[in-house]
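Please open the model in the viewer and keep the selection panel at hand. The stops below are arranged so that each selection leads to the next.

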Amino acid sequence: MAKEQVTEQLWTRESMLKVEVDILHQIMSTRTPEAVEAAVSFARFLRLSGLDSENYPLFLKMLEVQNHYTADELIGPKDPFLFFATIPPNRLLVSKCFELLTRWRPGGIYPKTLAIVLGVLQNAYSSPRDGYKIYKLSIADVDNLGKHLSKEDGQNEARNRCILDILEKIASLEGIRLDDAMESVARQAQRIRGSFFDNTKVLEDCMPQVLLVKGDYREDESPPSRVFVD
């Protein structure tokens with residue numbers, strides 16, 4: 001009896017929650033086929049539950065999982081570009097998108113995840129001044145957006161076209177002079193666009209070369225231990 005009482009005292013609400021969180025972190029690490037299978041199942045549950053203004057941060061968290069099987073299940077048949085269309089742009093949503101752009105190298109982010117991020121940013125900066133008020137951009141943010149351009153694919157490629165449009169909106173902030181930082185960010189956005197369109201220049205001319213090192217989102221990716229079919 002005494003042993004049971006000690007065990008009950010050890011398992012407080014906080015300690016139980018910690019175990020739950022630790023297990024969820026293991027699932028989201030997707031380091032094993034079993035963890036990927038669990039993450040895919042969780043992503044499917046979220047998708048079927050529906051995205052809304054209360055749970056969208058959890059959807060954002062799932063996009064951090066570097067596994068395209070999980071992303072596919074989270075997105076389902078929906079157009080990735082419109083994934084967060086029902087959520088008004090806000091600081092959390094926009095800042096998380098820039099975190100994702102920063103985290104992954106060019107080619108290292110799953111194309112559907114990139115489409116989701118670009119959809120959010122294009123919506124947020126459709127009115128550049130309002131977008132800047134929502135989330136105060138830095139030069140690093142602009143560089144981490146621009147690094148995902150692929151100059152060899154040309155301006156009409158869907159990803160490039162969207163990034164260039166967002167950069168154009170940001171560049172239009174030049175001259176408004178709400179603050180000095182905005183001027184610097186606007187000029188950097190214009191420099192990146194200029195380097196993209198100028199055949200005598202490369203993107204390395206206007207941003208740190210280390211940002212442009214290519215990646216591959218499939219590197220070290222584990223498949224689920226079984227295939228999921230709707």
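What covers the buried residues of H9? The cover includes H6, H7, H10 and H11, where contact means heavy atoms within 4.5 Å. The model is predicted, with local features needing pLDDT of at least 70 and side-chain atom pairs counting only at pLDDT 80 or more, while totals for chains, interfaces and linings use all residues. Residues are numbered from 1 along each chain as its sequence is written, and side-chain values use heavy atoms, with hydrogens and water left out.

**Stop 1: helix H9**

Select residues 139–146. Six of the eight residues of this helix are buried, so H9 is largely enclosed by the rest of the structure. Those buried are Asp141, Val142, Asp143, Asn144, Leu145 and Gly146. Buried means under 20% relative accessible area, exposed over 50% and partly exposed in between, with a 1.4 Å probe and protein chains only. Helices (H or I, at least four residues) are DSSP runs, numbered from the N terminus.

**Stop 2: the second largest pocket**

Next, select Pro111, Leu114, His148, Glu157 and Arg159, the closest to the pocket's centre of the 21 residues that line it. The space in this pocket is about 360 Å³, a volume being the space filled by probe spheres set on grid points that are joined across faces, edges and corners. On a 1 Å grid over the protein atoms alone, a pocket is an open set of points where a 1.4 Å probe fits, with protein on both sides within 12 Å along at least five of seven lines; lining residues have an atom within 4 Å of a point.

Now colour H7 (111–124) and H10 (158–171), each of which supplies at least two lining residues. H7 gives the most, with four. By class, the lining has eleven nonpolar, three polar and seven charged residues. Here Ala, Val, Leu, Ile, Met, Phe, Trp, Tyr, Cys and Pro count as nonpolar, Asp, Glu, Lys and Arg as charged, and the others, Gly among them, as polar.

**Stop 3: aromatic pairs**

The whole structure holds five aromatic pairs. Rings of Phe, Tyr and Trp (its six-membered ring) pair if their centres lie within 6.5 Å; planes under 30 degrees apart count as stacked, over 60 as edge-to-face and the rest as tilted.

Select Phe83 and Phe84, both buried. Their pair is edge-to-face, at 5.0 Å centre to centre and 90° between the planes.

Finally, select Tyr110 and Tyr217, whose ring centres are 5.1 Å apart with planes at 55°, so the pair is tilted. Both are buried.
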